[in-house]
Amino acid sequence: MAVSSAFVGCPKLETLLNHHNLSSSSSSSSSSHTPLGLNGFRALPKNNRTRRSLIQRARCELSASDSASNAASISALEQLKNSAADRYTKERSSIVVIGLSIHTAPVEMREKLAIPEAEWPRAIAELCGLNHIEEAAVLSTCNRMEIYVLALSQHRGVKEVTEWMSKTSGIPVSEICQHRFLLYNKDATQHIFEVSAGLDSLVLGEGQILAQVKQVVKVGQGVNGFGRNISGLFKHAITVGKRVRTETNIAAGAVSVSSAAVELALMKLPDSSHASSRMVVIGAGKMGKLVIKHLMSKGCTKVVVVNRSEERVAAIREEMPGIEIIYRPLDEMLASTAEADVVFTSTASETPLFLKEHVETLPPACPEVRGLRLFVDISVPRNVGSCVNEVETARVYNVDDLKEVVAANKEDRMRKAMEAQAIITEESKQFEAWRDSLETVPTIKKLRAYAERIRAAELEKCLSKMGDDINKKTMRAVDDLSRGIVNRFLHGPMQHLRCDGSDSRTLSETLENMHALNRMYGLEKDILEEKLKAMAGQQK
């Protein structure tokens with residue numbers, strides 16, 4: 001058995017087993033009160049601290065080079081693997097989401113935690129470098145910053161990810177903990193499905209979040225760490241989002257963040273000024289384009305668009321001939337703002353475009369809007385600093401202020417949400433069943449490998465008895481015969497280890513068959529060794 005060699009040189013497991021290392025004196029004290037097990041080793045106690053001490057001791061024994069210590073460590077490991085303490089290698093890892101959203105955290109915190117799309121692969125790599133994290137994904141939008149991970153340990157995984165978030169953002173862990181939410185396994189699955197369906201959005205049923213979930217999968221393709229469980233979760237979430245929008249009317253009449261921004265601006269302007277107010281949109285990306293579209297739908301006939309290049313603005317101009325679109329380069333941003341009554345900002349800039357000193361020198365807006373210039377900032381990180389509110393002739397609104405717009409029609413939105421929840425519940429069960437069905441994959445691989453080892457050994461014995469003068473045709477025939485026997489023998493067990501997870505009864509029977517085969521052929525040892533090797537590989 002090669003388990004000992006798999007433990008040695010595995011930094012991630014080494015950290016796990018040494019995480020709660022006790023002093024030798026306390027270990028001796030604990031062990032003196034622990035009853036002996038059947039194999040002569042002390043049974044692992046229920047006390048977590050003492051149990052962890054024994055785990056650490058087993059790790060140290062396994063690292064010993066002499067054969068006597070090695071034999072002893074194997075026995076200790078056998079006991080360890082048969083105990084509930086070995087949750088890192090025997091139990092299934094947990095899907096965890098650590099998140100902050102518009103519902104739990106202010107924009108000031110979310111913008112510090114925001115991770116640009118270009119940096120998602122780097123973030124995944126860093127997260128998977130943490131001791132208890134196997135897979136990861138990042139969903140960072142103007143309304144949320146959520147990290148999805150497959151964790152070896154829920155508690156320690158959350159601790160490590162939170163500390164990583166603190167390190168990358170500069171926000172103290174204690175402050176993040178005040179505003180974060182934590183969801184595990186089925187609750188995490190339910191959440192991402194609701195997010196994709198638009199149920200967790202500020203504006204119920206808005207379609208942009210589904211596109212953002214799709215982007216997580218697109219960016220994650222080929223990234224080491226965006227593994228089978230997390231990628232499967234997000235792909236299923238896309239299916240759920242599409243199905244909810246197809247089978248319910250949740251998206252009918254739904255507004256987006258951009259349309260809500262336009263509604264908010266019109267709410268703050270005097271009714272008589274709607275037609276005459278001068279509008280400027282800074283940024284011609286997806287959000288800026290939607291702002292222009294909704295301004296046009298509200299009767300706006302002219303808008304100035306400030307952008308780095310004119311190419312995107314020209315494309316929008318062709319698509320929306322019903323509104324006059326005037327292009328201005330970025331170096332004319334302040335001049336354009338000086339001539340505007342309402343300024344919408346939606347750029348990917350990580351630093352503010354407007355601060356107090358930029359705005360206080362600008363002339364007041366026109367008398368029709370009471371001389372107040374409105375800044376409607378729908379970017380995260382924000383494009384307009386909160387200090388601009390200190391200027392008497394300016395008012396700043398950000399994405400958190402959009403709640404005022406979407407407060408209406410709450411009852412209708414709740415009814416639509418209930419229809420969508422029925423679909424989400426059904427899809428959540430299917431995803432959990434799919435995850436359960438993945439449990440049989442290691443057993444299938446190891447059973448076939450076990451049979452192949454026996455076949456190869458017996459074939460070698462047979463050929464050695466037949467002598468050196470055996471011709472290639474006969475050798476090939478014997479080899480084919482042995483393979484055929486193995487394949488016929490494995491056909492039945494393999495059929496009973498495969499299911500798509502769609503039927504709970506079949507899945508339950510399949511998992512029972514898996515456990516039975518693991519016991520009969522001792523496959524758990526090989527599966528454990530494979531896990532340890534995979535964990536070691538993540539550290540390279």
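Rings of Phe, Tyr and Trp (its six-membered ring) pair if their centres lie within 6.5 Å; planes under 30 degrees apart count as stacked, over 60 as edge-to-face and the rest as tilted.

The model is predicted: local features need pLDDT of at least 70, side-chain atom pairs count only at pLDDT 80 or more, and totals for chains, interfaces and linings use all residues. Residues are numbered from 1 along each chain as its sequence is written, and side-chain values use heavy atoms, with hydrogens and water left out.

I noted four aromatic pairs in the structure. Phe193 sits in helix 10 (residues 186-197) and Phe431 in helix 19 (residues 410-437), so the pair ties together parts 238 residues apart in sequence. Helices (H or I, at least four residues) and strands (E, at least two) are DSSP runs, numbered from the N terminus. Phe193 and Phe431 are both buried (under 20% relative accessible area, 1.4 Å probe, protein chains only).

Next I took strand 5 (residues 279-282). Met279 and Val281 on one side and Val280 and Ile282 on the other are all buried. Strand 5 runs parallel to strand 6 (residues 302-306), with four bridges; DSSP must find at least two for strands to pair. Val280 stands opposite Val304 in strand 6. Four bridges also join strand 5 to strand 8 (residues 342-345), again parallel. There I found Phe344 as the bridge partner of Val281.

Key. Buried means under 20% relative accessible area, exposed over 50%, partly exposed in between (1.4 Å probe, protein chains only).
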